[in-house]
Amino acid sequence: MRLIALLASLLTLAVLHLLAQAPPPAGRSLALALGAEPADFREVVFVNASLARTTAAAVVGAMLGLAGSLLQQLLRNPLASPTTLGVASGAWLGLVAGTVLAPAAAAANGVLFAFGGAVLAGAMVFAIAGPRGMAGLPAILAGMAVSLLLGALARAFVLLEDQRARDLGIWAAGDLGQATWADLSLLLPVLLTGLLGALACSRALTLLRLGFDVASGRGLALAFFAPVVSLAALGLTASAITAVGPIAFVGLLAPAIARLAGAASSRDELIAATGLGAAALLGTDAVAIVSTGWAAQLITSGAIAPLIGAPVLILLLLQRRGAELPSSWITSAVNRRPVLRIALSLAAALALTSLGALLIGRQTGGWSVTLPTALELGFRWPRALAAAASGMALAIAGSVLQRLLRNPLASPDVIGVSGGAAFGVVLSVLILGISLGDAAMPAAALGASTALGALLLLARLRPGDPFVLALTGLSLAALLEALLSLGLAWGGEEVFSLLGWLSGSTLRIDGPAALRLTALVLPLMAMTILLARWLDLLTLGRFEAAARGVPVALAIPVFLVIAGTATGVATATIGLAPFVGLAAPHIARLLTASSARGELWLSALTGALLMLAADWIGRTALHPIQLPAGLVAALLGGTYMVVALSLRRR
């Protein structure tokens with residue numbers, strides 16, 4: 001009965017999807033779908049565009065749902081998906097790199113480049129998290145690091161290369177309208193082969209539910225089975241992404257809904273996730289088609305998917321509970337070297353980097369190390385100061401959030417706080433007509449605080465579950481990113497200034513803006529360090545903190561205001577700078593710090609150093625091309641994070 005209901009739902013959604021595209025009359029549409037020859041231009045469009053798009057939505061959604069179910073069952077990790085494990089970013093990088101370095105080969109065999117990138121991402125995540133870490137948050141943390149790093153590399157290719165890479169913009173937005181029957185002739189065999197192979201493996205996947213050791217003890221050859229299933233999931237993902245671009249949430253959401261709908265066995269979950277993935281993308285793309293007609297702008301399914309998937313996933317998350325995350329996730333340290341010695345070393349490195357940013361430049365004639373002229377100094381010092389202050393602010397916010405939420409995934413960019421700040425600015429510029437300079441600070445602070453408040457409200461409804469908090473934050477971040485994309489799609493000429501700001505560039509920063517940011521960040525840091533004891537005790541849990549004298553009802557709002565304000569002022573000044581708020585606290589703990597006060601000092605210095613170096617490298621390394629500081633910071637922080645997490649596991 002459930003299978004019949006699923007098939008009926010798919011058929012209904014397919015009809016609604018076709019109706020959204022203004023098809024010919026019902027009888028004629030049915031005849032064309034069954035193979036009749038089109039008689040006019042409208043019918044040609046229906047056959048080659050509308051029918052192809054509807055079929056692509058069902059096929060691609062089914063492939064992503066099946067891939068997500070395979071990954072979640074193999075790893076026994078409900079957070080696993082092509083998006084959270086970095087596979088989608090790897091596929092994107094593979095296609096972009098292929099388009100730039102070997103355009104003819106990429107045009108003919110794009111799926112191979114995407115598959116290679118997906119395999120690279122999966123291998124990196126496995127190397128970082130380790131076999132046992134793949135079943136929990138270590139895999140998601142590794143996936144986030146790999147996703148940000150490979151995504152930053154792909155964006156760097158797009159910025160550095162010519163129109164060949166820039167033409168991938170629509171594809172990267174996840175547009176199902178670009179799918180053709182030629183694409184579907186390749187996708188359908190992949191889907192059918194993957195589904196039949198997955199069903200053949202269903203008994204082994206059921207055995208894995210007892211644990212890897214038990215499954216191995218009962219004769220399952222994990223050394224052969226796990227790579228085969230992983231490659232099958234990566235192949236499904238790469239094929240889907242090659243055809244229509246990355247679509248978030250389908251691979252994460254479909255298996256979760258399948259389990260909640262009663263799919264108890266591995267076989268049932270595989271079938272249900274495949275069908276639900278198709279249904280989810282059919283509904284999502286129908287909304288994208290209608291929205292495009294209303295807005296008179298291209299609205300892609302990649303932008304709509306989080307708008308539908310994130311709220312549904314959040315509602316599903318509120319129905320589950322889990323074990324509390326041990327505080328050792330946050331308080332553990334690799335060594336116990338004195339914090340003061342490390343802090344002084346970081347401060348010296350920050351001073352030297354600041355000096356280099358002011359004295360070392362690159363012009364047409366090459367590198368120069370000279371005292372800057374008044375004009376050069378007026379151009380360099382505001383950018384350097386703003387970069388350092390913004391890095392410090394994001395690092396403080398990340399450290400506070402990770403300790404307060406007791407989750408290593410908590411950072412302003414990952415859980416949606418930076419996205420909320422950016423959305424507040426975009427909304428005030430596009431809707432209220434306020435200039436970017438006037439709107440930035442208050443709108444960003446309000447947007448960041450609203451996003452953080454929404455996250456905490458949702459998380460408190462199901463306290464103590466790190467999976468719920470992590471997925472809720474990721475859902476909120478994706479939702480805000482989708483809203484941001486839609487807002488930019490509906491904007492006019494002011495969008496160009498917003499795009500430059502969102503890239504994380506310090507190019508437009510002047511002296512007053514840099515000083516204003518610094519004057520706001522330093523008191524926030526001082527206040528946080530003064531309250532470090534509260535933060536230390538809150539890391540142990542709210543009840544433990546209250547029992548030791550911490551006024552929890554006051555402390556938590558104070559820290560939330562600090563984190564939201566720090567994120568807001570940094571985002572308002574330089575735009576989005578991903579990874580800094582996630583990487584800096586982890587780097588501080590990897591260096592030595594286990595106490596909150598030590599971590600705050602080292603995290604702030606690390607964040608400032610990371611952003612300052614990123615800004616200097618971005619404006620000098622590839623002169624006359626200037627890379628945004630946020631992009632370079634993602635490359636630097638991502639590389640360090642991947643290496644450091646790998647070394648820490650060992």
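This is a predicted model: local features need pLDDT of at least 70, side-chain atom pairs count only at pLDDT 80 or more; totals for chains, interfaces and linings use all residues.
Q: Does L19 count as buried or exposed?
A: Residues are numbered from 1 along each chain as its sequence is written, and side-chain values use heavy atoms, without hydrogens and water. Buried means under 20% relative accessible area, exposed over 50%, and partly exposed in between (1.4 Å probe, protein chains only). Because its relative accessibility is 54%, L19 counts as exposed.

Q: Which element holds L19?
A: Helices are DSSP runs of H or I of at least four residues, numbered from the N terminus. By that assignment, L19 lies in helix α1.

Q: Where does Q21 lie, and is Q21 buried or exposed?
A: Q21 is in the loop between α1 (2–19) and α2 (26–33). Its relative accessible area is 17%, so Q21 is buried.

Q: Which side chain forms a polar contact with that of Q21?
A: A polar contact pairs N or O atoms within 3.5 Å; within protein, one must be able to donate a hydrogen and the other to accept it, and residues adjacent in sequence count only if both atoms are side-chain atoms. At 3.1 Å, the partner of Q21 is H17.

Q: Which helix has the lowest mean pLDDT among the elements of the protein?
A: The mean pLDDT of the protein is 81, and 85% of its residues reach 70 or more. Helix α24 (residues 511–530) has the highest mean among the elements, 92. The lowest, 47, belongs to residues 328–331, helix α17.

Key
Helices (H or I, at least four residues) and strands (E, at least two) are DSSP runs, numbered from the N terminus. pLDDT is the predictor's confidence in each residue, from 0 to 100.
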